[in-house]
Amino acid sequence: PDSILLSSLVDGTVLVVKAGETQKTALSETKRVFNNVNARLLGVVLNGVKKNDMKYDYYSHYFSSYFEK
């Protein structure tokens, strides 16, 4: 896809994921693909968070497991 090609040509890439819908396996695979093309992953935007779910511990845990090295 274009995003993979472009990510290797720009200074950095930001992933946008939807809370509660983006599968951990899909995000892990995306990270692997970006690493393979030497893309610089700057961070993740968590989209679609419901106000009632705004608990620091939940989302901190939700994403910390995706990006453990």
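Good morning. The largest nonpolar core in this structure consists of five residues: Leu15, Val17, Leu27, Phe34 and Ala39. By nonpolar core I mean a set of buried Ala, Val, Leu, Ile, Met, Phe, Trp, Tyr and Cys residues joined through side-chain atoms within 4.5 Å. Buried denotes under 20% relative accessible area, exposed over 50%, and partly exposed in between, with a 1.4 Å probe and protein chains only. Strand 1 (13–18) and helix 2 each supply at least two residues of this core. In soluble globular proteins, nonpolar side chains tend to be buried together.

A word on provenance. This is a predicted model, in which local features need pLDDT of at least 70 and side-chain atom pairs count only at pLDDT 80 or more, while totals for chains, interfaces and linings use all residues. Residues are numbered from 1 along each chain as its sequence is written, and side-chain values use heavy atoms, with hydrogens and water left out.

I turn to helix 2. Helices (H or I, at least four residues) and strands (E, at least two) are DSSP runs, numbered from the N terminus. Helix 2 covers residues 24–36, 13 residues in total, and reaches 18 Å from its first C-alpha to its last, close to the 18 Å expected at 1.5 Å a residue; the expected span is 1.5 Å times one less than the number of residues. Which residues of helix 2 are buried? They are Leu27, Lys31 and Phe34. Seen down the axis of helix 2, these buried residues fall within an arc of 65°, so they line one face of the helix; the arc is that of the directions from the helix axis to the C-beta atoms. On the other side of helix 2, Thr25 and Asn36 are exposed. Just after helix 2, Asn38 adopts a positive phi of about 60°.

Next, the charged pairs. The structure holds two salt bridges, each defined as a side-chain nitrogen of Lys or Arg within 4 Å of a carboxyl oxygen of Asp or Glu. One joins the side chains of Glu29 and Arg32 at 2.5 Å, N to O. Glu29 and Arg32 are three residues apart in helix 2 and therefore separated by about one helical turn. Glu29 is partly exposed at 37% relative accessibility, and Arg32 is partly exposed at 41%. The other salt bridge links Lys18 and Glu21 at 3.6 Å, N to O. Lys18 is partly exposed, with a relative accessible area of 42%, whereas Glu21 counts as exposed at 52%.

Thank you.
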